[in-house]
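Please open the model in a viewer and keep the selection panel at hand.

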Amino acid sequence: MSTASDAEETKSEAIADSAVRSKKVIMITDLPEGSQVRLRNGQIAEVTANPRDGGWLFVKILESDADPSRVGTDDMAFCVDVIDVIK
Amino acid sequence: MTALVRSYGDRSLRSLVDLDRGLVSREIYVNEDIYKMELEQVYTRAWLFIGHESQVPNPGDFVVSRMGEEEVILVRDRKNELHVFLNTCRHRGMKVCRYDDGNTLVFTCPFHGWSYDTDGRLVGVPYYDAAYKGDMDKSEWGLPEVAQMCNYYGSVWATWDKGAPSFEDYLGPYADMARRVFQSTDGEDNGVELFNPVYKWRIPCNWKFPGFSFDGDRAHGAMTHRSINVAAIGPQGDANGGNRSPLLAPFPYTDYEMTVPELGHGGHNAIYDQPGVAPYKDTWFTEPGIDDYYREQREKKREKYKDKYIVGETAHIWPNVNIQPHRILIWHPHSAGVTESWRAYPIDRMAPQFVKDAQRRYMMRYGGPCGLTESDDMENWNYASAASTGTVAKRFPYNFMMGAGHAFKDEEGAPGMTLNYEVAEENQRSRLRRWLEFMEAGSWEDIYPVNPVSPSAGQAVKAERGTV
Amino acid sequence: MLTESSESTLERLLLREEIEQFLYYEAELLDDRKFDDWINLIAEDIHYHMPIRRNVKFGTQERENTSSLSEISWFDEGKRTLAGRVRQINTGLHWCEEPFSRIRHIVSNVRILEVNGDEVRVNSSFFVWQNRLQDEVNLFVGRREDILRRDEDTQWKIAKRLILLDQNVLLAKVISTFF
């Protein structure tokens, strides 16, 4: 059953989502090592470890058109910055 | 703060603790303001027991612990180094770990997602590039780490005060005894591991009831534990009248209350009249094979220590920990009237499983909140605390007179220690003395190094063995 | 659910009634402090186990309850120690139960899981109220997983009891009752 406060909650969540321009929620918790993901900044990254905390992935940058020097470096990717799972 | 330290109401703290006469105001056990001062004056300064390295054997392993009222995380980082962190996110304070133990790559805050490596570094901040735009230096926002940590033969201790002396100096004459507590029964250093998990339970009493009386209150046993022998929980079962403790071989020694008043540590310890370790006496009549193991272990230890005089094997480490070969007792302050009691059980790391099982079951039926012996302690601490809060009750000081003025030194038998008859309140007076010093001190400089204080007799006398 | 296809509905209901009545009777013995009668319901080979409940990460719930094989539990014992507890209470000098607390065992959610020869595997929930001296109150809520064994003398005996107490840090200073 939906209530007024639920609606408020949904609305504020939507605003929060739009603030970070999230298109869809990707549950990263179960992504295994070796998965490849597309990040919001355009980078393609491979999952090197998954802490399974719902928030973060340890990744290695595979492609980075905007800043090619990042290719091959280790980084952490936050959940809302993961916009697609490539494989 | 200074004004509060110097006086409470119209009375100074010092006036509440008259150790020469053995009179101590109930106020220091029940007063909320004094309790809050303790958290600052005692618990942010003293070395506190955190846990044991065996609880976190692998990189990424962690277990939560406590320092005073506050939760900390003992963690082994990915480079195999131990750390102790306050369990709070630097962003908005949320606990970054809400599990009792486990293995992890990072501690991620479930509030906004700040994420910390197992070495405490802040490694993940959501929207870091887009929103902070490089204005925040992540290296300044790691998990709060203790000022000093010490891995003492496998046991882990820490303090929030960088001015505190080293842990070994803090132990003083108890350093050797503390080392031996963490040896296996064959006398090998780093020889034990802890059973998991530790007991944690709440006792409605001020932390000083158990903290200051345990291993300093042999007088309580005859009455508090009147009912225990009928249960025959000892390893020998019904033999020896159902005594709860293992049987011991006769070995010439004298038991004392033994303490270092200038440091606050103390225990019930024995001075042996000959070097070496007592032979093993069979006691595990209820379970086959256990005696064989412990006898063999004891023989190895006897060989190692055959020329060495031993003093005791239990120690109360000021302020709130008691360490013994098979149990570690910690009394965390939880509020003025509540103690969160923790209990950990060491066991020979290399012991066969059936020995570990027998020892574990003995410890479970002996102690803790469900143990047959200690359940009666809880009742007494609970209602002693409750009956001390009254306006009229507080007009009547506690009596700490037992053995006051009869302490003595035996520099040959127990160097650095102050001794008293085996049933005295010398250790409790020592802890109260150190308590007062901590409560009045502006910093560690005021309380360390210490000058040896004379025992409460005012003048040390040479003991004559066995006459006490 | 019963797995034996030959078991008639009536037999199933009668068994449930019998088991429930036995559990209520047991609870009443404890509430009435008839500990000698209670210990007589305990099989000689009982394993009486109350594990500690850990806070563990999702996906590792198999570690939630401490193991009787290698870890510390609140209770992990047999009849010898249970009988020792009864003897201790009966001295009248066991201070945490002298004077007696007022204790009430509410047993509910009784469910028979399996009948295996003369043994029945049965789960039940408990809500235990303890009022001590004037105003000390402790609540213990949880589930028991029992194996009851038919017995000529007492109708049933408790052959195995796993007690899942729904607490992490024990909020009572002691546990001075049985479950």
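**Cysteines of chain B**

Begin with Cys97(B), which is buried at 2% relative accessibility; buried means under 20% relative accessible area, exposed over 50%, and partly exposed in between, with a 1.4 Å probe and protein chains only. This is a predicted model, in which local features need pLDDT of at least 70, side-chain atom pairs count only at pLDDT 80 or more, and totals for chains, interfaces and linings use all residues. Residues are numbered from 1 along each chain as its sequence is written, chains are lettered from A and ligands numbered from 1 in the order in which they are written, and side-chain values use heavy atoms, with hydrogens and water left out.

Across all chains, a search of the whole structure finds zero disulfides, a disulfide being a pair of cysteine sulfur atoms within 2.5 Å. For Cys97(B), the nearest cysteine sulfur is that of Cys109(B), 11 Å away. Select Cys370(B) next: the nearest cysteine sulfur belongs to Cys96(C), at 10 Å. Cys370(B) is likewise buried, at 1% relative accessibility.

**The interface of chains B and C**

Display chains B and C together. Contact (heavy atoms within 4.5 Å) involves 43 residues of chain B and 40 residues of chain C. The size of an interface is often given as the accessible area lost when the parts come together. Here the buried area is about 3500 Å², and carbon and sulfur atoms give 54% of that area; buried area is the accessible area (1.4 Å probe) that two parts lose on being put together, summed over both.

How many salt bridges lie between chain B and chain C? The count is five, where a salt bridge is a side-chain nitrogen of Lys or Arg within 4 Å of a carboxyl oxygen of Asp or Glu. Select Lys173(C) and Glu379(B) to see a salt bridge with an N to O distance of 2.8 Å.

To colour the chain B side by element, select β14 (199-203), α9 (221-224), α12 (353-366) and α13 (375-386), each of which supplies at least two of the residues that touch chain C. Helices (H or I, at least four residues) and strands (E, at least two) are DSSP runs, numbered from the N terminus. The largest share, seven residues, comes from α13(B).

**Salt bridges within the chains**

Over all chains, a search of the whole structure finds 54 salt bridges. Select Arg179(B) and Asp189(B), whose closest N and O atoms are 2.5 Å apart. Arg179(B) belongs to helix α7 (residues 175-181) and Asp189(B) to the loop between α7 and β13, the two being 10 residues apart. Arg179(B) is partly exposed at 30%, and Asp189(B) is partly exposed at 27%.

Move to helix α12 of chain B, where Asp357(B) and Arg360(B) lie three residues apart, about one turn of the helix. Their salt bridge has closest N and O atoms 3.1 Å apart. Are these residues buried or exposed? Asp357(B) is buried at 14% relative accessibility, and Arg360(B) is buried at 0%.

In chain C, select Arg144(C) and Glu26(C), which form a salt bridge of 3.7 Å, N to O. Arg144(C) is in strand β5 (residues 136-151) and Glu26(C) is in helix α1 (residues 9-31), so the pair ties together parts that are 118 residues apart in sequence. Both are buried: Arg144(C) at 3% relative accessibility and Glu26(C) at 1%. For a network of salt bridges that share partners, select Asp176(B), Arg180(B), Lys301(B), Lys308(B) and Glu313(B).

**Backbone geometry**

Most residues other than glycine have a negative phi, and most peptide bonds are trans. Select Asn196(B) and Pro197(B), where the peptide bond is cis, with omega near -15 degrees; Pro197(B) is in the loop between β13 (192-194) and β14. Another cis bond runs from Tyr448(B) to Pro449(B), with omega near 0 degrees, and Pro449(B) lies in the segment after α14 (426-440) of chain B.

For positive phi, select Gln155(C), at about 80 degrees. Gln155(C) lies in strand β6 (residues 155-165) of chain C and is partly exposed at 40%.

Chain A has one helix and five strands, in the order α-β-β-β-β-β from the N terminus. Of its 87 residues, 31% count as buried. Finish at Arg52(A), in the loop between β2 (44-49) and β3 (56-63). Arg52(A) has a positive phi of about 55 degrees and is partly exposed at 39%.
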